[in-house]
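Please consult the sequence and the model shown below.

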Amino acid sequence: MTATNGRPAAGSDAGRGADWGTDKDKDTGRDDTVAAVVRQWRDVHPELDTGPMEVIGRINRCAALLQQAEDAPLRRAGLSRPEFDLLGALRRTGHELTPSELAKETFSSGAAVTKRLKQLTERGLVERRGDARDRRVAHLRLTDAGRDLVDGILPEQLAYETAVLSVLAPQGQGELAGLLAELLGRLEGRMGALRA
């Protein structure tokens, strides 16, 4: 657990070897934009525990930077990230999906999925088939052109991600993946419980 200002509590194992959350961000190599924001908040509200900002802020900042860079191959293909996510969901599941299933797979609203599917269908990347028993239901699948597009973009994205993560040793990558998996699993469980 942390004490105030994001510092590990005395005697806690949480701060050993990491020294994160101290005022010595520059000394520990933590001189990123989030460290500056945290220092500013500590000046304004020294009584508050800013430790969560150091984790959540960095996750959000990394996600924003990664998405900006990864969107370059998508822009060249004339796709937005949400459109590629829909195509990717259809490719990786390997079977037809309904619009509601696609919304769940891509964490999108039904209205957003409907709009994107219209554009992808008009481009000839997705095709829809009506349900024989319920005309209100559509089944969606990739066309050959859609599958070829996804398969062409994916290696470029993975190469970029490999290059980005190469600044971390393989062991560090594994540890980070494990910590993020634990956090994500807990958040998904909590959010699922709140929606129920």
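By about how many helical turns are E182 and R186 separated in helix 7? Being four residues apart in helix 7 (residues 170-195), the two are separated by about one helical turn.

## Basis of the model

The model is predicted: local features need pLDDT of at least 70, side-chain atom pairs count only at pLDDT 80 or more, and totals for chains, interfaces and linings use all residues. Residues are numbered from 1 along each chain as its sequence is written, and side-chain values use heavy atoms, with hydrogens and water left out.

## Salt bridges within and between helices

The whole structure contains 14 salt bridges, each defined as a side-chain nitrogen of Lys or Arg within 4 Å of a carboxyl oxygen of Asp or Glu. One of them joins E182 and R186 at 3.6 Å, N to O. Helices are DSSP runs (H or I, at least four residues), numbered from the N terminus.

Another pairs E156 with R76 at 2.1 Å, N to O. E156 lies in helix 6 (residues 144-165) and R76 in helix 2, so this pair ties together parts 80 residues apart in sequence.

R58 and D32 form a salt bridge of 2.7 Å, N to O. R58 belongs to helix 2 (residues 51-76), whereas D32 sits in the segment before helix 1 (33-44), 26 residues away.

R58 is buried at 15% relative accessible area, while D32 is partly exposed at 32%; buried means under 20%, exposed over 50%, and partly exposed in between (1.4 Å probe, protein chains only).
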